[in-house]
Amino acid sequence: MKEDFRSVEFAPGKTISVETGRIAKLADGAVMVRMGDTMVLCTVVSAKESKPGQDFFPLVVDLRESFTAAGKFPGGFMKREGRPSDGETLASRLIDRSLRPLFPYGYYNETQVICQVFSSDGQNQADVLGGFGASASIHLSDIPFDGPMAQVKVGRIDGEFVINPTVDELKKSDMDMIVAGTADSVLMIEGEMKEISEKEMLDAVKEGHKAIVKLCEFQDELRKEFGLEKREFTAPEGNTELKEKVAALTGNKIDQILEEGLGKEDFNGKLRDLKTEIKEAITADEAYEEAGSEISSIFGDLVKDAVRNRILEKKKRIDGRTPEEIRPIWTQVGYLPRVHGSAIFSRGETQALISVALGTKRDAQSVDTLFYEGDQTFMLHYNFPPYCVGEAGFMRGPGRREIGHGHLAERALKMVLPDFDDFGYVIRVRSDITESNGSSSMASVCGGSLAMMDAGVPIPKPVAGIAMGMILGENNAVVLSDIQGEEDFMGDMDFKTAGTADGITATQMDMKVKGISFEMIEKALEQAHTGRLHILDKMAETISETRETLSPFAPQFIRMTIDGDNIGAVIGPGGKVIQTLQKETDTEIWIEEDAQGKGQITISADSLEKAENAKKRIQAIAGDLDEGTVYKGTVKAIKEYGAFVEIVPGKEGLLHISELEHGHVKRVEDVIAVGDEIEVKLLKVEHGGKLRLSRKALLPKEEE
């Protein structure tokens, strides 16, 4: 490739520039993509041949950010970038899902796409630039590719769509959606939105596709000028004779199994028995004794064809449902006694056990990435243990799939959460998938909504999610509601939408073919809307509104305001006063100065009594001592005439010997000693701030 630089304005005020032929010349394809001052190097390398016996496409996509791109150091002890952040992982998944359908069938050569962010202006995000650049690098290379494709981000500000909005623009947007596609159709959609209608979402997809068309045309222009000749590739032909043998032995037995309308385990069990029978019959012939894996592959294709044809021709699914029918649903809340909120959501053979923990501000997740730095106060963690699909396997950390599914469910629920300033709790939702046969991420949305209502999180309305599928025939197409695992694997689309009764809050769509028309997206959205309302009705049978009270095991909060002049006194030199307060009252205390210069204080504890005690002591430090109030203090010094008791850090009062007990006291030391913690009543705040205390006022007179 020769060195050059080209630009295109693909949306009003939005320009992308591409340079090729200068950087990474030993890769099969490489482009440097620039928008504003954000620059992403996208490269691709693909093996010249596939490995012997390879029967799948080993595509790996990695988008990685460098903190030096923005002149920053990584946070924490290590000053070198480590494992990818969730944001990098999610961006890599989006690129992978958009590219994968565009490689020719049977292309099994190991392929790696790497997108590295080398410069960041903090405004133009790198995720969609990486998607565009990945396609451009492959399109200009000699690798077989049915592209180009492009990704754009769609926002909406004051009712107007904005393509590839900046970070600041996104803060004012009511949607954040990525759309990927070719010049002819849409390949992938993912994003979050504030309860928009199905029509508004479709309009956003159409607007995004207009920009995609321009970016694809731009890539075609680049290819004409700089592209390499594509490698020769012919999809491997199967063994026709073996296919005929498998088909003959199978006959209509797959159709007979399908007629039974079985569940996942029974259906797969009968297919497994039939496949074993066919393999044994064919491999008994010496000529085919090594053909076991090929027979399995052929048999799998026959099952896929049978399932698809049955849906297209008879509108009947594996378990006997119609295309619009949703599997039976049952739910329960309050299942786990000690967590702050819990729920079971079960739909067909998919089940999620959800637990909610409410925490203090110190439980927030610190996030330090190239484009964002701050505290995350809501998080949803999705877990997929191997037993949920009846398998044994290793329990390791979350992979890309778990991170992606959890992020989608988190996006769907966070759109209805109260502001942190209003509710004040950090919320962690944990979704453990205990059974799985399709759409466990949407089960996490439904169960998460139920569990948060059980926990008393004041969400204004519940959220539900549903996964849609589609089977494309030569002359027709069928949209499927609430798809199960086999329909996802054998179908052409996986389209998830989540939202309230009033609108969509999150969506994700993947295509396994080269695209989908707007008409089919519209039909899928309409059918999903009907399904979502049905699921919400089922959820409401268990719980329809947020509980009025929080779990007794949740932290208790008190908020108070003090004059800004007293903030320093409450904190104390080097934080000594506030640290002492927290230790002695067993609480956590945060102090922040607001825009008016007032001190906003939040006190949390495991009981309201502890929080109230801390509040009284803070009021005293701030000069807000109430006569008649009881304080727990520490004896600091003893004199002949009484003792000095510190009732709050830095505030001491005189406990006169006459106020120790109802009877006569000869020596103060006979009753108390230095270091004792005692309760005293504040009798009077005298002129000059002197405090008069009493112990006997709290003792019953019978002791006299």
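Which residues in α15 meet which residues in α16? Val577, Leu581, Glu584 and Thr585 in α15 meet Lys610, Asn613, Ala614, Arg617, Ile618 and Ile621 in α16; contact means heavy atoms within 4.5 Å. This is a predicted model, where local features need pLDDT of at least 70, side-chain atom pairs count only at pLDDT 80 or more, and totals for chains, interfaces and linings use all residues. Residues are numbered from 1 along each chain as its sequence is written, and side-chain values use heavy atoms, leaving out hydrogens and water.

**Helices α15 and α16**
- The contact of α15 with α16 divides into 5 nonpolar, 2 polar and 3 charged residues (nonpolar: Ala, Val, Leu, Ile, Met, Phe, Trp, Tyr, Cys and Pro; charged: Asp, Glu, Lys and Arg; polar: the others, Gly among them).
- α15 spans residues 576–585 and α16 residues 608–621; helices are DSSP runs (H or I, at least four residues), numbered from the N terminus.
- Their axes come within 10 Å and cross at roughly 150 degrees (lines fitted to C-alpha atoms over the stretch in contact, with angles from 0 to 180 degrees between N-to-C directions).
- α15 and α16 are therefore roughly antiparallel (angles over 145 degrees).
- Their crossing is right-handed (the near helix is turned clockwise from the far one by less than a right angle).

**Helices α4 and α13**
- α4 (residues 198–226) packs on α13 (residues 518–540) at about 150 degrees, with axes 10 Å apart.
- That makes α4 roughly antiparallel to α13.
- The crossing of α4 and α13 is right-handed.
- Glu198, Met201, Leu202, Val205, Lys206 and His209 in α4 meet Phe518, Ile521, Glu522, Leu525, His529 and Arg532 in α13.
- By class, that contact has 6 nonpolar, 2 polar and 4 charged residues.

Key:
Helix = DSSP H or I, 4+ residues; strand = E, 2+ residues; numbered from the N terminus. Parallel < 35°, antiparallel > 145°, perpendicular 65-115°, else oblique.
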